[in-house]
Amino acid sequence: LKGSTKGRRAKRGDTVQKDLDIMDEGRKLHVGPKVKNHIMAQLKKDSTFLAKLGIMDYSLLVGVHHRLDNDDESLYSDNNNNNTTNDDDDDDD
């Protein structure tokens, strides 16, 4: 995802879509409030870090993993050994 819309449509036959392709289709990325808070916090940390270095180009690659409806494993549960976020400062646990 980019801040600019210039050149943000995929070419015919491309398997990977770009920002405007997704927006034109009215598609949205639905995540719960906890995941949203983690994403937004990380974006804030990343942009602050890059601003300190004088870097203004930032891209976000979004991967989508389709889970089964009966898969109740939480992305940010305390039991998830693959958790890459720092939950030490979470007040909502």
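This is a predicted model: local features need pLDDT of at least 70, side-chain atom pairs count only at pLDDT 80 or more; totals for chains, interfaces and linings use all residues.
View 1. Residues are numbered from 1 along each chain as its sequence is written, and side-chain values use heavy atoms, with hydrogens and water left out. Helices (H or I, at least four residues) and strands (E, at least two) are DSSP runs, numbered from the N terminus. Of the 93 residues of the protein chain, 12% count as buried, where buried means under 20% relative accessible area, exposed means over 50%, and partly exposed lies in between (1.4 Å probe, protein chains only). The protein chain exposes about 8,600 Å², of which carbon and sulfur atoms supply 52%; such areas come from the Shrake-Rupley method with a 1.4 Å probe, and for residues only the protein chains shown count as cover.

View 2. The 20 residues of α2 should span 28 Å at 1.5 Å a residue, and the end C-alpha atoms of the helix are 29 Å apart, which agrees; the expected span is 1.5 Å times one less than the number of residues. The buried residues of α2 are Val35, His38 and Leu50. Just after α2, Gly54 takes a positive phi of about 75°.

**View 3. Three salt bridges in the structure.** A salt bridge is a side-chain nitrogen of Lys or Arg within 4 Å of a carboxyl oxygen of Asp or Glu. Arg8 forms one with Asp19, with the closest N and O atoms 2.9 Å apart. This pair links distant parts of the chain, since Arg8 is in the segment before α1 and Asp19 in helix α1, eleven residues apart. Both Arg8 and Asp19 are buried. The side chains of Asp24 and Arg9 also meet in a salt bridge (2.8 Å, N to O); Asp24 lies in helix α1 and Arg9 in the segment before α1, so the pair ties together parts that are 15 residues apart in sequence. Here Asp24 counts as exposed at 53% relative accessibility, whereas Arg9 counts as partly exposed at 46%. Arg27 and Glu25 meet in a salt bridge as well (3.3 Å, N to O), where Arg27 is partly exposed with a relative accessible area of 47% and Glu25 is partly exposed with 46%.

**View 4. A nonpolar surface patch of about 510 Å².** Leu29, Val31, Ile39, Met40, Val62 and Val64 make this patch. Patches are made of residues with over 30% relative accessible area and no salt bridge, like charges being joined within 9 Å and nonpolar side chains (Val, Leu, Ile, Met, Phe, Trp, Tyr) within 5 Å. Val31 lies in the loop between α1 (19-24) and α2 (33-52) and is partly exposed, with a relative accessible area of 40%. Val64, by contrast, is exposed, with a relative accessible area of 57%. The C-alpha atoms of Val64 and Leu29, which are 35 residues apart along the chain, are separated by 8.9 Å.
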